[in-house]
Amino acid sequence: MEIWINPACSKCRSAVSLLDEAGAEYTVRRYLEDPPTAAELEAVLQRLGLEPWDITRTAEPVAKELGLKTWGRTPEDRPKWIDALAAHPKLIQRPIITADDGTTVVARDPETVRSVL
């Protein structure tokens, strides 16, 4: 299992605590220090069944600078969104957990964290 976290994020810390309490084996990826590539983002999005704009933190200052709220949300727009997430990992919703069986979730609440255990 792998979890993408920002250590400054309370939801990330909560998810890690829940994994620890369950005795889960996992690796931590501090995605701000080790940003995912566009290919990794594509793979995660495919496993999530989501589009890049679904995991984008549009309230971040860099999102406002880029004007993300005005960007299109069509299949043709996907590469632009993915490139923005790869270039600005702070835009990625967190935490993201990928279980060993490939199940992937955006673990913003305890129930979602538990769903991959």
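Mentor: Buried area is the accessible area that two parts lose on being put together, summed over both. Keep in mind that this is a predicted model.

Trainee: OK. Which domains does the assignment give?

Mentor: Domain 1 covers 1–31 + 94–116, and domain 2 covers 38–92. Their centres, taken over C-alpha atoms, are 20 Å apart. Domain 1 puts 11 residues into the contact, and domain 2 puts in 10.

Trainee: How much area is buried between domain 1 and domain 2?

Mentor: About 980 Å². Carbon and sulfur atoms give 61% of that.

Trainee: How many salt bridges between domain 1 and domain 2?

Mentor: The count is 1. Look at Arg29 and Glu40: their side chains form a salt bridge, 2.9 Å from N to O. Polar contacts between the domains come to 3 residue pairs.

Trainee: Which strands supply the domain 1 side?

Mentor: β3 (96–98) and β4 (104–106) each give at least two residues. β4 has the largest share, with 3 residues.

Trainee: Switching to packing. Which residues touch the most other members in the largest nonpolar core?

Mentor: Ile55 and Ile92, in a core of 19 residues. Helices α2 (38–48), α3 (61–66) and α4 (78–87) each give two or more residues to this core.

Trainee: What about a second core?

Mentor: There is a separate one of 16 residues, with Leu19, Ala24, Ile97 and Ala99 among them.

Terms used: Residues numbered from 1 in each chain as written. Predicted model: local features only at pLDDT ≥ 70, side-chain atom pairs only at ≥ 80, totals over all residues. Heavy atoms only, no water. Core = buried A, V, L, I, M, F, W, Y, C linked by side-chain atoms within 4.5 Å. Buried < 20%, exposed > 50% of the residue type's maximum accessible area, 1.4 Å probe, protein only. Helix = DSSP H or I, 4+ residues; strand = E, 2+ residues; numbered from the N terminus. Domains from an automatic or database assignment. Contact = heavy atoms within 4.5 Å. Buried area = accessible area lost by both parts, 1.4 Å probe. Salt bridge = Lys/Arg side-chain N within 4 Å of Asp/Glu carboxyl O. Polar contact = N/O pair within 3.5 Å; in protein donor to acceptor, adjacent residues only side chain to side chain.
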